Amino acid sequence: MNTPMKRGALIGCGFFAENHLHAWSGMQDAEIIALCDIDETRLEATAIRFGIEKRYLSAQEMIADESLDFVDIATTVGSHRVLVEICAPHVATVICQKPFAETIADAQAMVDHCLALGTNLIIHENFRWQRAFQQMKEMVDAGKIGTPHFARFSFRHGYDNYVNQPYLAEIERFAIMDVGLHLFDLARHFMGDVALLSCATQRLNCAVRGEDSFTALLQHDSGVTSICDCSFSSHYAPEPFPRTAALVEGDQGTLELDREFGITLHRDGVRELSNAEPDVPIWGQKPWHTTQQSVVSFQQHAAAVMHGKAQPQPSGVDNLQTLKLALAAYQSAERGETIDMRSWREDRP
Ligand SMILES: NC(=O)c1ccc[n+]([C@@H]2O[C@H](COP(=O)([O-])OP(=O)(O)OC[C@H]3O[C@@H](n4cnc5c(N)ncnc54)[C@H](O)[C@@H]3O)[C@@H](O)[C@H]2O)c1
């Protein structure tokens, strides 16, 4: 018997939504039947491109008119809370792009609202869905390196992101809120929750407003450590964007992910190599296939959640802990202090 289709709407027809819409259009058990954007030109162009007839300039109107199973919110962060609150009472599942909020107060309100209604809140956090990280996690869980004690997740490049995402150059809180969230999610995914955090930031490109580089040291609850570092102003040839390099060391071996998708397992004095390069989706192209595959995998997972076959990864509740790390990282950098996450409170709600 065929799985019934879940019917959804996508809100926010901008740069990244293109990946969402391509990924949804290839799925057998979930589809986008309506689009919403406050920008009519973008809305029309996207609707025509993806052959979607139902188009709305207001999420409120759309949610009143349509009978939907889910919404996929792909707008920038400033609109997330209001959109989640509009949609959550009317759908079983809300998917919201990262960063899901700018403050803990907003994030907590969204989480509480969805919990009270019994609505699934899934955060579109796609790095842990990249093929390389899925393979590395399987290897760690299979005991290939023993018990992990150190990890590093490193995202350094010199790609001009400001062409496709001009808002990145204008926001006060940039690298940590943009890429730091992804790296902190990976650190928690591999090493568990965090007890202590310290972070230093840099603004290497004076044409951008916020920090475009940071280095964070995390001490996890179990005592193991990790480093997350990112730069938008580094010189490498070939340009590594949008790939992440990583290292997870355990008491019996080490896993190393290079920027060419190679995973090296060092164990018992020998090296075992595997390749984690994802396929290029039919609608995709290199070098963006890292991201494109992760969006497909994430959305397939979201559909599995909608069909009751999986638990959200990550849920709003889980991603709240990652957001706390990002906000605490700013506090650490501003004050030059190590932050104890067990007693940390937001200082600028
Ligand atoms: N997961 C990833 O790897 C990844 C990569 C890039 C961007 N993102 C995230 O995706 C989100 C969107 O980024 P983008 O670069 O596509 O932004 P964008 O500015 O290109 O697109 C956002 C769209 O949302 C629309 N919009 C804003 N408020 C709205 C509202 N209230 N109702 C309906 N439409 C509204 C805007 O008109 C615009 O068309 C951001 O949160 C960003 O951080 C994630």
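**Exercises on the core and the ligand shell**

The largest nonpolar core has 84 residues, with Phe 100, Phe 153, Leu 183, Phe 184 and Phe 214 making the most contacts inside it; such a core is a set of Ala, Val, Leu, Ile, Met, Phe, Trp, Tyr and Cys residues that are buried and joined through side-chain atoms within 4.5 Å, where buried means under 20% relative accessible area (1.4 Å probe, protein chains only). The model is a predicted one, in which local features need pLDDT of at least 70 and side-chain atom pairs pLDDT 80 or more, while totals for chains, interfaces and linings use all residues. Residues are numbered from 1 along each chain as its sequence is written, and side-chain values use heavy atoms, with hydrogens and water left out.

**Exercise 1.** Find which helix gives the most to this core, and explain where the core lies.

*Solution.* Helix H7, residues 175–191, gives the most, with 11 residues; helices are DSSP runs (H or I) of at least four residues, numbered from the N terminus. Domain 1 (6–124) and domain 2 (128–277 + 319–340) both contribute to the core, so it lies between them, the bounds coming from an automatic or database domain assignment.

**Exercise 2.** Describe the shell around the ligand and say where the ligand lies.

*Solution.* First, 23 residues surround the ligand (a heavy atom within 4 Å), the closest being Phe 16, Asp 37, Arg 42, Asn 126 and Tyr 167. Next, the shell divides into 9 nonpolar, 10 polar and 4 charged residues. Finally, because domain 1 (6–124) and domain 2 (128–277 + 319–340) both give residues to the shell, the ligand lies between them.

Technical notes
Nonpolar A, V, L, I, M, F, W, Y, C, P; charged D, E, K, R; others polar. Buried < 20%, exposed > 50% of the residue type's maximum accessible area, 1.4 Å probe, protein only. Helix = DSSP H or I, 4+ residues; strand = E, 2+ residues; numbered from the N terminus.
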